[in-house]
Amino acid sequence: MTAVVEKCISRARNKTKLELDAFYDGLLNILSSSQPSDKDKGDCLNDLRRLLFYLTCTKHRRRLPQHLVDKLKCLMTEKDHVILGGVKGSILCSAILQEYAPTEQVVIETFNPPVYLKQVPFILPVLMNQGDIVGHTEMLVSHMVRWVSTVGFDADVQARALGCLVSLATLNRSLLSGEQVYVVSSQISDWLTQASINQAPNPNTRQSKSKKTEQVTEIDGSACQEFFTFLSLSQYYSQDQLLNIHSFSCLRSWLLTTHFSSTEGNLTPSSSGSGSSGALSPESSRSQLMTSGSFATKARQVLVDKACEYGLRVIDQCERRPLKTQDQDLIQASLIEAVSLLDVLCSLDSALVAKIFPAIKGLYSHLSEDYLYPRVLLTLLQFFIHHIEMVVYEPMPAFEHFFGEILATRYNDPSVAFDTVMFCQENLHKLCMETDILEKFFPNLLKILAWNPRTFLTEFLDIVPAMISPRTTIEMLHLLLDLPCKTIALEASQQSQRLVTQQSSDNYLMPEPNVRLSACVDAYKNPKHKPWFNFILRRQSGQGDTISKLGFLHQLLSDTSSYPRVVPVSQAVPLLLRLYFQTVLSNADNALLCQLVPVMLERAGLLFGIPSFRKEVHKVLAEELLALFKQCPSLIMDLKSELLDFIGALRNIDNKEDFFAHVVWIVGDYTSTAYDSRCNTQVIIKFYEALETLLYEVSALVQSSSIGRIPYSARLLTVCMTALAKLASRCQDLIPRVLLCLTKVSQQQMRSCIEDEQKKALMDRASELIDVLKLPDVASAILSPACEIEDGHWHQDVNTSVPSLLQSIYHIVQHGI
C-alpha cells in the first residue's frame with residue numbers, strides 16, 4: 001500500500017506545467033457547463049479531488065488560473081449549483097481554496113447576498129487560512145459577532161462563527177473590541193443555561209401532534225432533572241442543545257483568551273489540550289476581569305458564574321455509572337475538560353476556590369481508589385498546583401500516588417505519557433523548587449522516555465536537569481547509562497504480561513516486531529534474575545547506585561541490542577549525558593565531583609553491548625572527564641588512589657582505549673604543584689612509576705604482536721610518553737629515567753608491526769621529547785607552562801619568545817652550535 005501511495009505522489013510531482021494547464025482548462029470547462037450529464041458530475045468530483053492532490057504534492061509553484069479560482073469561489077458560495085452535486089462538491093472547493101491560500105486571488109470581500117448562509121461553514125475555513133491581512137479579518141469578525149448574537153439565526157452558522165471567533169482571538173486578541181467580547185460572552189452564557197431538556201423529534205419521520213416529547217437522559221439512563229449539558233444524552237439534538245455543546249467546547253479557550261488582563265502576568269493556554277488548564281502564574285491567578293464599563297463587567301461575571309455551575313454539574317453527572325462500557329472514555333474526557341475549566345475560573349476569580357475545592361477534593365478521593373482515569377488525576381494535580389495555597393490541604397500524597405503507583409503501570413499509555421510530560425514541562429519550576437517529585441520519581445519518569453525514545457526526547461532535554469540534585473547525581477548517571485537496559489526490561493515485562501493474559505497490548509507506539517524476546521522474557525520470569533529486573537524497573541530513587549552483577553545482566557540482554565526500541569534509546573543517551581554533565585559542572589562542588597569521577601572510571605567498562613553506543617558514550621565520558629579536571633584540577637590529589645589503580649591495570653584499556661588515553665593525559669597535565677600544593681615530589685614519582693610500568697607493558701605487547709593483531713594503538717604509546725615527559729619536567733630527578741624509557745620504547749617500536757605512518761609519528765614524538773628534556777629548564781617551560789596561560793600553547797604564540805627559543809634548541813641539538 002505504501003508503494004502505491006508513493007507512486008501516486010511521484011506521478012503527481014512529475015506533472016509538467018503544460019499538463020497541469022491542460023488539466024485546469026478541462027476542469028474549468030466542466031465546471032462551466034450549464035447542462036451537465038451524470039457522467040460530467042462524477043468526473044467533476046473526481047477532477048476536484050485530483051486538483052486538491054496536485055496542489056498538495058506538486059513541486060512547481062502553485063498558481064491556479066484566476067478564472068478557475070473565481071469559479072471555485074462562486075460554486076462554494078452559491079445556493080444551488082448544478083454541477084457539484086451537494087455537500088461533497090462544497091467541501092472539495094473549500095479544501096482546494098484552503099490549500100491554495102493565502103493569496104489575493106481567494107479574497108471574499110463581503111458576506112452579503114449572493115453568499116448563501118448555508119455555505120458559510122465552508123467559507124469560514126478558507127478565510128481563516130487567508131490570514132489577517134489578505135483575509136479581511138476585521139470585516140469577518142464583525143459579521144461573525146452579528147451572527148452569534150442574532151436570536152433565531154442559523155444554528156450551524158452560529159456554531160461555526162463562535163469557533164472562528166475563538167481561533168481569531170487566540171491568534172490576535174486585539175481583533176476583538178471590548179464590546180464585541182461582551183456581546184459574545186453574553187450569548188455564550190445564554191447558550192450554556194437555556195438549552196431544552198427535551199429530545200428533538202426524529203427529523204426523518206412525521207411526528208404526531210399528540211405524541212409526548214421525551215426528556216434527555218443522564219449517562220446512566222435516568223431522566224434528566226437539571227439543566228442540559230453535553231453529557232445529557234439524546235437520540236436527536238435540537239439546535240439550542242447543539243449550541244450548548246459548542247459553547248462548552250469553546251468556553252475555556254474563550255476565557256483564557258479574552259478574560260485575562262494582559263498586564264497581570266503571563267497567561268499561556270495549555271499546549272497539552274487536556275492535561276492541564278494552562279501555565280498560570282501566581283500573578284495571573286489574582287488577575288481581575290477586564291473592565292470596559294460596569295455593565296460589561298457584570299455580564300462577564302455572569303458568564304463566570306454560569307460556567308462554574310456548568311462545570312460542577314458535569315462533575316456530578318460523571319459520578320453516575322454509565323450504561324455502556326465505551327462511555328468510560330467519554331467520562332474521562334468530560335472530567336478533564338470540566339476540571340480544567342474550573343481551574344481557569346478560579347484563576348479568574350479567587351473567591352470561587354472555596355466553592356469549587358470540595359468538589360475537586362471529593363472527585364480526587366473517588367478516582368484515586370482505582371486506575372481508570374489517570375489523565376483526570378493529572379488534571380486534578382494541576383488544579384492543586386494553582387490553588388493549593390488558598391485551602392488547607394496537603395497535595396504531596398496525591399503527587400506521590402500518581403508519579404509512583406499510577407505511572408509505574410500506565411507509562412506505556414500514549415495519552416497518559418503525553419499529558420505527564422507536558423505537565424512536568426509546564427510546571428517545571430514549581431515541581432523543582434517546591435517539591436521533590438522529580439528527584440524522587442525520576443526512574444519512573446524515565447520509563448516514558450525509554451518506551452517512547454523518538455517522541456519525547458526534546459521535552460526530556462528540559463526536564464532531566466531538574467531531576468539532578470546532590471542526592472541523585474550518581475544514581476542519575478547510572479540510570480542514563482543503563483537506559484537501553486530499562487527499555488529491554490520494560491519490553492520483557494510487557495511481553496510477559498501478554499503471555500499471561502493472552503492479549504495483545506493496545507499501547508504500542510510502533511508496530512510489534514516480528515522477533516520475540518523469548519530469552520529475555522524467560523530471564524525476566526526466572527526468580528533468580530528477578531531482583532535485577534526489579535532494580536532496573538524501580539519506581540523511586542534512593543535504592544542504590546547500581547547492582548554488583550551489572551556485567552552479567554548486560555550479557556543476559558545482549559541478544560536484544562538491535563531491538564526497535566533499543567536502537568533510538570541508545571542514540572539518545574549520549575545527548576542526555578552531555579546535558580547531564582553540563583548541569584553537574586554548573587552546580588556541583590568538589591565533594592560531589594570526587595564521588596562522580598570514580599563512577600565514570602568504573603562505568604566506562606560497564607556499558608550495554610552495542611558497539612556504536614559504547615563508542616559514543618566513551619567519547620562523551622572522555623570529553624566530560626577532561627572538563628571536570630579542568631574545572632577542578634585538585635581532583636588529582638583527592639582521587640590519587642583511584643587514578644593510580646586505574647592506570648596501573650592493563651584490563652582498564654580493553655574496549656575503551658580512547659577513554660583510558662584521556663585519563664593518562666589528565667594525569668600528565670594536572671599532576672603539578674601549580675594546581676595543588678599537596679602534589680609534592682613523592683606524588684609525582686608515584687604517578688610516574690605507574691605510567692612507566694604501563695608504557696613498558698604496552699610497548700612490549702605491541703612489539704611482540706603480529707600484523708593485524710596489534711592490541712594497542714600508537715596513539716596510546718604517544719600519550720603515555722608525553723605524560724611521562726611532563727611529569728619528568730616537574731621533577732628533574734626523573735629525567736634520566738624518562739630518557740632511558742623513551743629510548744627503549746623507540747627501539748622496541750622500530751621492530752614492531754605498526755603501520756609506517758603511525759610508526760613515524762611515534763618516533764618523531766619520542767625524538768622531540770628527548771631533545772626537549774635534554775635541556776631541563778626549557779623542558780619545564782615547554783611541557784609544563786604556567787597555568788595562567790589558558791591554552792598553554794606557547795610554542796604557537798608569535799607574541800612570545802618561545803618559538804625563537806625552540807628554533808635555537810633545534811639548531812643546538814642538531815648541529816652542536
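**Exercise 1. Determine how α8 and α10 are oriented to each other.**

Helix α8 (residues 155-171) and helix α10 (residues 239-258) have axes that come within 9 Å and cross at roughly 10 degrees. Helices here are DSSP runs of H or I with at least four residues, strands are runs of E with at least two, and both are numbered from the N terminus. Axes are lines fitted to C-alpha atoms, for helices over the stretch in contact, with angles from 0 to 180 degrees between N-to-C directions. Angles under 35 degrees count as roughly parallel, over 145 as roughly antiparallel, 65 to 115 as roughly perpendicular and the rest as oblique. α8 and α10 are therefore roughly parallel. Residues of α8 that meet α10 include Leu162, Leu165 and Val166; on the α10 side they include Leu243, Cys250 and Trp254.

The model is predicted: local features need pLDDT of at least 70, side-chain atom pairs count only at pLDDT 80 or more, and totals for chains, interfaces and linings use all residues. Residues are numbered from 1 along each chain as its sequence is written, and side-chain values use heavy atoms, with hydrogens and water left out.

**Exercise 2. Describe the protein chain as a whole, then its largest nonpolar core.**

Step 1. The protein chain has 38 helices and 2 strands. Of its 817 residues, 51% are buried, where buried means under 20% relative accessible area, exposed over 50% and partly exposed in between (1.4 Å probe, protein chains only).

Step 2. Contact means heavy atoms within 4.5 Å. Among contacts between residues at least 6 apart in sequence, 75% join residues at least 24 apart.

Step 3. A nonpolar core is a set of buried Ala, Val, Leu, Ile, Met, Phe, Trp, Tyr and Cys residues joined through side-chain atoms within 4.5 Å. The largest one has 259 residues, and those with the most contacts inside it are Leu51, Leu345, Phe403, Leu596 and Leu625. Leucine 345 is in contact with Leu255, Val304, Ala307, Cys308 and Leu352, leaving aside neighbours within four places in sequence.

**Exercise 3. Is serine 334 buried or exposed, and what does it touch?**

Serine 334 is in helix α13 (residues 327-348). Its relative accessibility is 2%, so serine 334 counts as buried. Not counting residues up to four places away in sequence, serine 334 touches Phe230, Leu231, Val314 and Cys318.

**Exercise 4. Find the orientation of α28 and α29, and the residues that join them.**

α28 and α29 pack at about 155 degrees with axes 11 Å apart. That makes α28 roughly antiparallel to α29. From α28, Leu593, Leu596, Val597, Met600 and Leu601 meet Leu621, Glu624, Leu625, Leu628 and Phe629 of α29.

**Exercise 5. Work out how far α32 is enclosed.**

Step 1. Helix α32 (residues 657-670) has 14 residues. Of these, 10 are buried, so α32 is largely enclosed by the rest of the structure.

Step 2. The buried residues include Phe659, Phe660, Ile666 and Tyr670. They pack against helices including α28 (590-603), α29 (611-631) and α33 (681-704).

Note on methods
The expected span of a helix is 1.5 Å times one less than its number of residues.
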